[in-house]
Number of protein chains: 2
Amino acid sequence: MRKSTKTTKKDFNKDNILNQGVAMLMKQGYHGTGLQKVLDAVNIPKGSFYNYFEDKEHFGAEVIQYYIDPFLKQLAAHLNNSDTDALGAIQRYFDELIEELERNNFKGGCLLGNLMGEIGDTSDICQASLQTAVNRYRDLLQSGLKKAQDQGAVRKDKTAGSMADLLINTWQGALLRAKIEKTSAPVLQCCQELLGNYFKS
Amino acid sequence: MRKSTKTTKKDFNKDNILNQGVAMLMKQGYHGTGLQKVLDAVNIPKGSFYNYFEDKEHFGAEVIQYYIDPFLKQLAAHLNNSDTDALGAIQRYFDELIEELERNNFKGGCLLGNLMGEIGDTSDICQASLQTAVNRYRDLLQSGLKKAQDQGAVRKDKTAGSMADLLINTWQGALLRAKIEKTSAPVLQCCQELLGNYFKS
DNA sequence: CAATTTAAGACAACCGGTCGTATTATAATT
DNA sequence: AATTATAATACGACCGGTTGTCTTAAATTG
């Protein structure tokens, strides 16, 4: 077995752990998720965990990045696919998120929001990871709103950055409400009020 | 010792547990907080816990109500003390929250938000408690905004209820951001954009 | 003294993390 | 090219400690 092949297998295992980690941290939170359960689910022995990760905290930090990546790709795809209408692209992106939220019966929500609340101020390592994850998300959203501004769809008396922040924050809060009230009304309101009203020029 | 006295003492103990519960659930979350630690901190034997609460879940549900009560009183006080300017009262209330947040170096945030994220979809009992807590908060905020509408300070083309929801949600999201970025910028922005701009007539 | 409340301790399950060792792959040396 | 030395990875048993909950007995009550 050559080096490339082996590296691939190790990455495959690590991906499996991260994948399962996303799912379980999402459902049960950080302290509610035991490493044993994660590893059992992907048939990897307990002792092997520390070959892949330094400890649980670093594992959590990596899960955060692994989680947010697809969302960035999804939003970027929308922004690229319809670059004649950036505001519409953003709206369609959030519509997709809402659809998935409904499909999951409002369970889980956003891992970033959940972990910010649970360990955002107790684990330095995860806090740093959360910062970069949120910043990457914010920057992409900002660039989309900037484009929408240039296209004349979004007001220019506010910076794209501040609107991106406001949108992210309201979205996070709305997700929490949606979760405990088991209705998509809060997230719908978030998009309608901000994207459909306040941000428009 | 008469029955009334005894009941008082029991209530005193329970209050101590709840008080400590608020502090520890705030800092370490639900699954990160062991009952042992809570009881040790208030010098009540572990075996006595189930004299006060049915189980940990019900304990959490009671902590939630115990936590939100002072906030409702504080907001209500502001609304009553300056009933000539309801919008100003709301603003001053949130200013106080921001001051306390800074005093705590952005640690903790809001217990409701943290627990919504962590166990809002896994514990039915806590979910129900979170619902009523948030609803009570929302209703009070709604009545304040309604008053501000009647006073002509707040726009009337949106319902007070929808604005209360939007404010609460954005506030929650902003608190999460403030927590991981260790700055009050997000919560300041929340108040400025909504109370100082979007809601104004 | 009977009834009820309080508390001590036991309980199994689980936690994150470490250990020595066995297996394998890479590098170095002939 | 064959063999040896070195390192990396895989693995399961095990560590001390803690979890939430329950049983049972002591203390306190009316």
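Between chain B and chain A there are 6 salt bridges, a salt bridge being a side-chain nitrogen of Lys or Arg within 4 Å of a carboxyl oxygen of Asp or Glu. One of them joins Asp121(B) to Lys179(A), with the closest N and O atoms 4.0 Å apart.

This is a predicted model, in which local features need pLDDT of at least 70 and side-chain atom pairs count only at pLDDT 80 or more, while totals for chains, interfaces and linings use all residues. Residues are numbered from 1 along each chain as its sequence is written.

The table lists values for the contact between the two chains, where contact means heavy atoms within 4.5 Å.

| Item | Value |
|---|---|
| Contact residues from chain B | 42 residues |
| Contact residues from chain A | 41 residues |
| Area buried between chain B and chain A | about 3700 Å² |

Buried area is the accessible area (1.4 Å probe) that two parts lose on being put together, summed over both. Carbon and sulfur atoms give 53% of the area between chain B and chain A. In chain B, Asp121(B), Arg177(B) and Ile180(B) lose the most area to chain A, together 19% of what that side buries.

A rotation of 180° with 0.0 Å of shift along its axis places chain B on chain A with an RMSD of 0.1 Å, the copies being superposed by least squares on the C-alpha atoms of residues with pLDDT of at least 70 in both. That is the relation of a two-fold axis. The same surface serves both copies, as 98% of the contact residues of chain B recur in chain A.

Definitions and conventions
Chains lettered and ligands numbered in written order. Heavy atoms only, no water.
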